[in-house]
Amino acid sequence: MIISIDDTDSREGMCTTYLCALLMDELKEYGNIKGCPILIRLNPTIPYKTRGNASTAFEITTSEPVKVMEHVISRVNELAQLQSEMTNPGVVFISDEHSEKVKEQLGEFFLKAVREVLQIEDAKSLIATLGLHSKGWKNGRGLIGALAACGAMLNLGWDHTYEYLAYREKDAWGTKRQVDEDSVRKADIATYPNTWDTVDIANNAVVCIPHAGDPVLFGVRGNGIEPVTITSQMISSEPVERHAIYMTDQGTDLHLIPVERIADIKEMHSYSIEVTVSTCPETIRGGHTILSVRDDGGDEMDCAAYEPTKNFRELVRKFLPGDRMVFSGSVKNNTLNIEKLKIISLVQEHESVNPTCSECGKKMKSAGKGQGYRCKKCGTKADSAELVEIERGIPIGMYEVPPCARRHLAKPLARCQEKESKKDGKVFPSR
Ligand code: ATP
């Protein structure tokens, strides 16, 4: 049986992944947990999210399905932050007999939940059509994420990574996390680039430790169970109550929809689009850098490197009208929030300088207003200045925001290196 849970936490406490880990331990009484639990990130632009729009699912082999469902429902009832207006939990159960029949439709629902904006009714009517066991609390919005997690679990072909999540003892929730940052830095070096986003070197920040009141102590992301485990076990910290390793769509770019025309872009969706820069980047109040881009049909839109993207803005500020790029990111308020970019070509910029003497190789001097140039030593003359190319100082290739600004779903360039280096372009991971 697949069990999926979503929307149980609030900004004040709890975390759906913690509830998932807790239930996996508690349910051992009724059967065996099969394989890895999954942690999927859904459309990152959804305003109802508490933090990262996550949803979870796991699979259990059991001869007591009714008891399992009762246990899950009673624990969600007890532990979800139901008092919070934003918390609308949902759980979905898929029995083994049902799974083949519902696989395809739920797989499509999963992809839609990552890329599109769904309504609560979409989930409720699919649950009714497919005859699934489920329970929604309050408005039941969590059923969207829960149904999507079932779809992901039933269709494991998607690109995936792993995250090792360590959880705090209950008494420590809401207090300052005690983690030895030096041990985190050493642990990070031991497995990078097979793990990533543990430490942001350029911005000198440990990024694997959250700051809110939730039960997560730290999370280590990587491309396999082994590297995330090695790194996590090297971290010295306060006692860990429990941990779980999730298979996840984090770091896969699954949210990005390739598109050619700006006219096809919709709010609250995420895209990859090839465009030409049409204005010089401007840095506005708050430190956000904005520039306009044009597609091949002449339509324009704004793209932004917001302040939290830190040093990434220095790159974007160097762009010039005419530069050709692929920008990737989510669209909100008609602006694409750049997560990653690929430089296709850069315009050549020229400046005029005094000509060089063909005899001695030195720069000529002005011979007076309107009289061209002359070499004082050799007497050589030139009518006009020389045009020389200005070095743009930006190698062609792919660039990304630093770990401190990375969206959960964004694929780190550390993961793209091998594939991309086989093509023409170079890859410049933020580290
Ligand atoms: P949690 O740890 O509780 O999962 P979170 O930051 O992941 O916190 P949620 O509290 O789950 O966010 O809130 C996100 C809500 O948005 C959930 O109810 C989920 O079902 C819903 N949701 C997810 N994806 C979509 C989508 N594509 N369209 C509409 N609603 C969505």
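Predicted model: local features only at pLDDT ≥ 70, side-chain atom pairs only at ≥ 80, totals over all residues.
User: Is Thr50 buried or exposed?

Analyst: The way to read this is through relative accessibility, where buried means under 20%. Thr50 comes out at 11%, so it counts as buried.

User: Which residues is Thr50 in contact with, leaving aside its neighbours within four places in sequence?

Analyst: Those contacts are with Asp9, Ser10 and Arg11. With Asp9 there is also a polar contact between the two side chains, at 2.8 Å.

User: What about Thr56: where is it found, and is it buried or exposed?

Analyst: Thr56 belongs to strand β3. Its relative accessible area is 1%, so Thr56 is buried. Beyond its neighbours within four places in sequence, Thr56 touches Ile3, Ser4, Ile5, Thr16, Thr17, Cys20, Ile38 and Ala149.

User: Which backbone atoms lie by the oxygen and nitrogen atoms of the ligand?

Analyst: Let's take the polar pairs in turn. Thr8 has a polar backbone atom 3.4 Å from a ligand oxygen. For Tyr48, a backbone N or O atom is 3.3 Å from an oxygen atom of the ligand. At Ala113, a polar backbone atom lies 2.9 Å from a ligand nitrogen. As for cover, the ligand taken alone exposes 620 Å², and the protein buries 98% of that.

User: How do I read a helix such as α6: which residues are buried, and which are exposed?

Analyst: In α6 (residues 181-191), the buried ones are Ser183, Val184, Ala187, Asp188 and Thr191. They lie on the same side of α6 because they cover an arc of only 140° around the axis. Asp182, Lys186 and Ile189 are exposed on the other side.

User: What do the buried residues of α6 pack against?

Analyst: Their partners are β7 (195-196), β8 (199-200), β9 (205-206) and α7 (225-233). It is also worth a look at the start of α6, where a side-chain oxygen of Asp180 comes to within 3.0 Å of the backbone nitrogen of Asp182.

User: Which residues are buried in α7, and what do they pack against?

Analyst: In α7 the buried residues are Pro227, Val228, Thr229, Thr231 and Ser232. They pack against β6 (161-168), α6, β7, β10 (216-222) and β11 (240-248).

User: Finally, how many helices and strands does the protein chain have, and what share of its residues is buried?

Analyst: Zooming out, the chain has nine helices and 25 strands. Of its 431 residues, 53% are buried. The C-alpha trace spans about 100 × 50 × 40 Å along its principal axes. Among contacts between residues at least 6 apart in sequence, 71% join residues at least 24 apart.

Key
Residues numbered from 1 in each chain as written. Heavy atoms only, no water. Buried < 20%, exposed > 50% of the residue type's maximum accessible area, 1.4 Å probe, protein only. Helix = DSSP H or I, 4+ residues; strand = E, 2+ residues; numbered from the N terminus. Arc of directions from axis to C-beta. Contact = heavy atoms within 4.5 Å. Polar contact = N/O pair within 3.5 Å; in protein donor to acceptor, adjacent residues only side chain to side chain. Areas by Shrake-Rupley, 256 points an atom, 1.4 Å probe, with all protein chains shown as cover.
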